Amino acid sequence: IYQATGSPVALAKAKAALAWLGTLPGLNTGACPSVDYQWPFGHRGHLKTIETASNYIKAALLLYKATGTRSYLTSALAQYAQVRRYFLEPSGLYTAYLIDNGTSCQRLPGRYFASVNGNMIWAGQRLAKVTGKLVYLREAVSTAKAVQARLSDGAGVFADLQADNDIAGPLAEAMYALARSDHQAFAARWLLANASAAGADVNAAGEYGRFFDGPAPAVLATAWQTNGGIAVMQAAAGLDPSGRPAGPQFWARAAFVPDRRALTGPSLTIAFAGRAIAIMGDIGARCCIAGHARILVDGVPTANQAGIWQNMSSPARRQPDQVLFAWRWPRTGHHVITILPGQYDPEEGGSYFAMTGYLLVH
C-alpha cells in the first residue's frame, strides 16, 4: 500500500509487521533454527517452508528501499543465504518444504511453487541492484531459466502443477523485472508466450485458469488460481501493449470424454491421440489437505514432483469440475498420461486421485 500511496500509516504498519515476526516464540527452533517453522515449535507436522523466508526477504528489501535503514538489507541478505542453503536444488529451482523433526532437517524435493521461485528470482535481481554484486543477478537468471526449461509443458508454456495453495503472480513479477530492468530477452519471451496461452481462454467473468495452457474455470475460480493469469497478462501488456493470443478460444474445440476413475492400483493410464488434454475432477474431493498423486507424461516424470495434489483446497471446501492437470503439445500426436500413487509425506499425506473425465483437443 505504501508503494502505491506513500501513506506514512501504511509504512508504519509494514515496519511493525516485520518486527512482530521476530517476537514470536518457537519459530526459530528445531535442528536447523535459522529456518523458521511455519507453526511455533513445529506444530502441525514439523513443517518449515520457503514461503516464510522468501516473503520476509521481499518485505525487508522493500522496507530498505522505502527507509534506507541498513538493518533491513542485512536481514534480507541473511535470509537469502539460508534459503539457498536449505531449499535450493541442483536444478537451480527452489523446493518449498523442509521437514524438521527436531533431530534432522530434510528437504521434500521437487515441490516447485511458482510463488517462491518468483520471490527468489525477484530477490536476486533486487539484491544485485542494491549491493552492486552481479552474483545475485546470475543466481536470479539461473533460476528463471530453470523455470523456463523445466517447468513448461510440451508447448513451452508454464505448467503450475502445485495445488490450490500456490500463486503465480510473483513469478510473473520477477520475470517482468528481469525483462524490463535487466533486458533479459528470454524472460520477455516467457511472459509473452504465457500471456498468449492464458489469454486464449477466459470464462464469462473474465477469469483465468491455474494452468495457462488449460481451459478457463467452469464453476468456481479462487484467487489462488486466477492471480497468475492476471499478472502475466499485465506484465505482457507492459512489454507489448498490442499483443494478442495466438490461438484464441483454443479450448472451445475440446470434446469432453467421460471417464470416471480413481487410482486404486499401481497406476492409472490415459492413452489418447490429440494436441491437448485437461483432466477434470474435484479439488478437495476428500477435503482438505491429504491426498496426492505423481504424473508421467509419455513415460517421463514431471520435474515438479507435486504432481496432482488433489485434496488441497485453500477455501477449505470441495471444488467440483476443476482442472486437475493440463498439458499441451505443438501438434497432434499419440500420448499417454500415467498417474502413480503419491508417496506419503507429512505435508501432502498419502495417495489420492479421482477424475470425472477429460477434455481433449485433437
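Student: In E9, which residue is the bridge partner of Ala255?

Tutor: Leu360 is the partner of Ala255 in E9. Before we go on, note that this is a predicted model: local features need pLDDT of at least 70 and side-chain atom pairs count only at pLDDT 80 or more, while totals for chains, interfaces and linings use all residues. Residues are numbered from 1 along each chain as its sequence is written, and side-chain values use heavy atoms, with hydrogens and water left out.

Student: What is the order of the strands in the open sheet?

Tutor: The open sheet has six strands, in the order E4-E9-E5-E8-E6-E7, and the pairing is antiparallel. At the edges sit strand E4 (255-262) and E7, each of which pairs on one side only.

Student: How many bridges join E5 to E9, and how many join E5 to E8?

Tutor: Five bridges join the antiparallel strands E5 and E9; there, Ile277 has Leu360 in E9 as its bridge partner. Between E5 and E8, also antiparallel, you'll find 14 bridges. One place to look is Gly274, whose bridge partner in E8 is Gly333.

Student: Why is E9 described as largely enclosed?

Tutor: First, the scale: buried means under 20% relative accessible area, exposed over 50%, and partly exposed in between (1.4 Å probe, protein chains only). Seven of the eight residues of E9 are buried, so the rest of the structure largely encloses this strand.

Student: On to salt bridges. What counts as one, and how many does a search of the whole structure find?

Tutor: You want a side-chain nitrogen of Lys or Arg within 4 Å of a carboxyl oxygen of Asp or Glu. Searching the whole structure turns up nine salt bridges. Take Lys58 and Glu173, whose side chains meet at 2.6 Å, N to O. Lys58 is in helix H3 (residues 50-67) and Glu173 in helix H7 (residues 169-181), so this pair ties together parts 115 residues apart in sequence.

Student: Are Lys58 and Glu173 buried or partly exposed?

Tutor: One of each. Lys58 is buried, at 13% relative accessibility, whereas Glu173 is partly exposed at 36%.

Student: Which residue forms a salt bridge with Glu348?

Tutor: Arg111 does, and the closest N and O atoms of the two are 2.8 Å apart. The two residues are 237 residues apart: Glu348 is in the loop between strand E8 (319-341) and strand E9 (354-361), Arg111 in the loop between strand E3 (105-108) and helix H5 (114-131). Both Glu348 and Arg111 are buried.

Student: Where does the salt bridge of Asp282 and Arg318 sit?

Tutor: Start with the contact: the closest N and O atoms of Asp282 and Arg318 are 2.3 Å apart. Asp282 belongs to strand E5 (residues 268-283) and Arg318 to the loop between strand E7 (300-301) and E8, so the pair ties together parts 36 residues apart in sequence. Asp282 is buried at 13% relative accessibility, while Arg318, with a relative accessible area of 49%, is partly exposed.

Student: Last topic, the disulfides. How many are there, and how do I spot one?

Tutor: A disulfide is a covalent bond between the sulfur atoms of two cysteines. The criterion is a pair of cysteine sulfur atoms within 2.5 Å, and the structure holds two. In sequence order, the bonded cysteines of the protein chain pair 1-2, 3-4.

Student: What does the disulfide of Cys32 and Cys105 tie together?

Tutor: The S to S distance for Cys32 and Cys105 is 2.0 Å, and the link is left-handed, with -110° about the S-S bond. Cys32 lies in the loop between helix H2 (8-21) and strand E1 (47-49) and Cys105 in strand E3, so the link ties together parts 73 residues apart in sequence. Cys32 is buried at 2% relative accessibility; Cys105, with 28%, is partly exposed.

Student: How far apart are the sulfur atoms of Cys287 and Cys288?

Tutor: They are 1.3 Å apart in this disulfide. The link of Cys287 and Cys288 is right-handed, with 65° about the S-S bond. Cys287 is partly exposed, at 40% relative accessibility.

Conventions: Helices (H or I, at least four residues) and strands (E, at least two) are DSSP runs, numbered from the N terminus. Two strands pair if DSSP finds at least two bridges between them.
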